[in-house]
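Please examine the structure shown below.

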Amino acid sequence: MFDEASLVLARAVCEWVGLELSDAESAEMARDCTAMVDGFATLGPRHLRARRARARQEKALSAVITGIRDRPEHPAGPSALEAVARHLDGDGQPLDAHTAAVELLNIIRPTIAITWFITFAAHALHRWPQHQELLSADPQGDNAQAFAHEVRRFYPFAPFVGGLAADELTWQGEHIAKGSLILLDLYGQDHDPALWEAPYRFDPHRFTRAGRLPDNLIPQGGGDPARGHRCPGEDITVTVLATLLTELVGLDYEVPDQDLAIPLSRMPTAPRSGFVLRCR
């Protein structure tokens with residue numbers, strides 16, 4: 001499930017941005033982007049793999065950016081690829097090819113990272129199959145969104161996010177020196193019994209009853225995405241996850257015996273087996 005989901009997302013997002021890739025190149029993009037995400041919170045071999053994968057894709061995308069600039073503007077209007085390639089800075093100059101490649105990868109990589117949530121969603125449907133009725137009754141509606149929110153709350157994709165204090169400040173009586181590293185405990189807040197009733201119970205209904213998305217749900221960071229550490233692609237994540245959830249529920253499949261344990265000592269984590277399923 002993990003491998004196939006990453007490939008589906010890689011093909012979809014690359015087509016959306018206007019990047020024409022062969023099947024082999026799409027597979028390499030999927031592998032490299034999952035390696036980048038897998039190495040974000042560690043040192044050693046995983047971190048080195050992530051750095052090599054990033055360098056490989058930035059080099060390839062830099063060449064694509066240069067090729068775009070050498071041809072007339074697409075008559076159908078700019079794709080995301082063309083918009084990045086032809087963007088001018090405040091001095092009226094195009095971004096250097098490497099910076100433009102980084103910006104393009106900043107669209108592609110986070111989309112492919114939804115692979116983790118899709119795999120967790122499959123795990124949740126297998127572990128609590130009674131929720132399949134919730135999704136079947138309202139395909140791509142509020143129930144699918146609620147299930148997607150609960151997957152993001154319940155499953156431990158990232159433990160925390162960090163940032164440096166831009167200035168001296170006092171918060172809730174605590175002095176924070178300028179330049180201090182501040183960590184936001186994502187997993188802790190999303191499982192805090194002071195904020196969530198029965199936080200270790202998987203219950204999508206908590207979001208069908210919420211009326212609006214509570215501010216204390218922070219699996220992808222907190223605050224305003226324009227000024228804080230909340231992912232600006234959160235709404236896209238929820239929409240993609242809800243859409244693919246309804247596709248998953250519609251499949252006729254079985255789950256063979258495998259190791260579905262999710263180790264909390266590894267970040268980002270996932271079911272050890274990657275969640276193998278067999279379509280009938």
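Predicted model: local features only at pLDDT ≥ 70, side-chain atom pairs only at ≥ 80, totals over all residues.

## Helix 1

Helix 1 covers residues 2-17, a run of 16 residues. From the first C-alpha to the last, helix 1 reaches 22 Å, close to the 22 Å expected at 1.5 Å a residue. Directly after helix 1 comes Gly18, with a positive phi near 100°.

The buried residues of helix 1 are Phe2, Ala5, Ser6, Leu7, Leu9, Ala10, Val13, Cys14 and Val17. Their packing partners are helix 2, helix 4 (80-85), helix 5 (97-112), helix 6 (114-127) and helix 11 (234-249). In general, an α-helix has 3.6 residues a turn, so residues three or four places apart point the same way.

## Asp32

Asp32 belongs to helix 2, which spans residues 23-38. Asp32 counts as buried because its relative accessibility is 4%, under the 20% cut-off. Once neighbours within four places in sequence are set aside, Asp32 is in contact with Ala53, Arg56 and Gln57.

The model contains one cavity of 30 Å³ or more. The largest cavity has a volume of about 60 Å³. Its lining consists of Phe117, Arg152, Arg153, Tyr155, Pro156, Phe157, Ala158, Leu186, Tyr187, Asp190 and Pro219.

By class, the lining of the largest cavity comprises eight nonpolar residues, three charged residues and no polar ones. Helix 8 (142-154) and helix 9 (186-190) each contribute at least two lining residues. Helix 9 supplies the largest share, three residues.

Technical notes:
Residues numbered from 1 in each chain as written. Heavy atoms only, no water. Helix = DSSP H or I, 4+ residues; strand = E, 2+ residues; numbered from the N terminus. Buried < 20%, exposed > 50% of the residue type's maximum accessible area, 1.4 Å probe, protein only. Contact = heavy atoms within 4.5 Å. 1 Å grid on protein atoms, 1.4 Å probe; cavity = no way out; pocket = protein on both sides within 12 Å on 5 of 7 lines; lining within 4 Å. Points joined across faces, edges and corners; volume = space filled by probe spheres on them. Nonpolar A, V, L, I, M, F, W, Y, C, P; charged D, E, K, R; others polar. Expected span 1.5 Å × (residues − 1).
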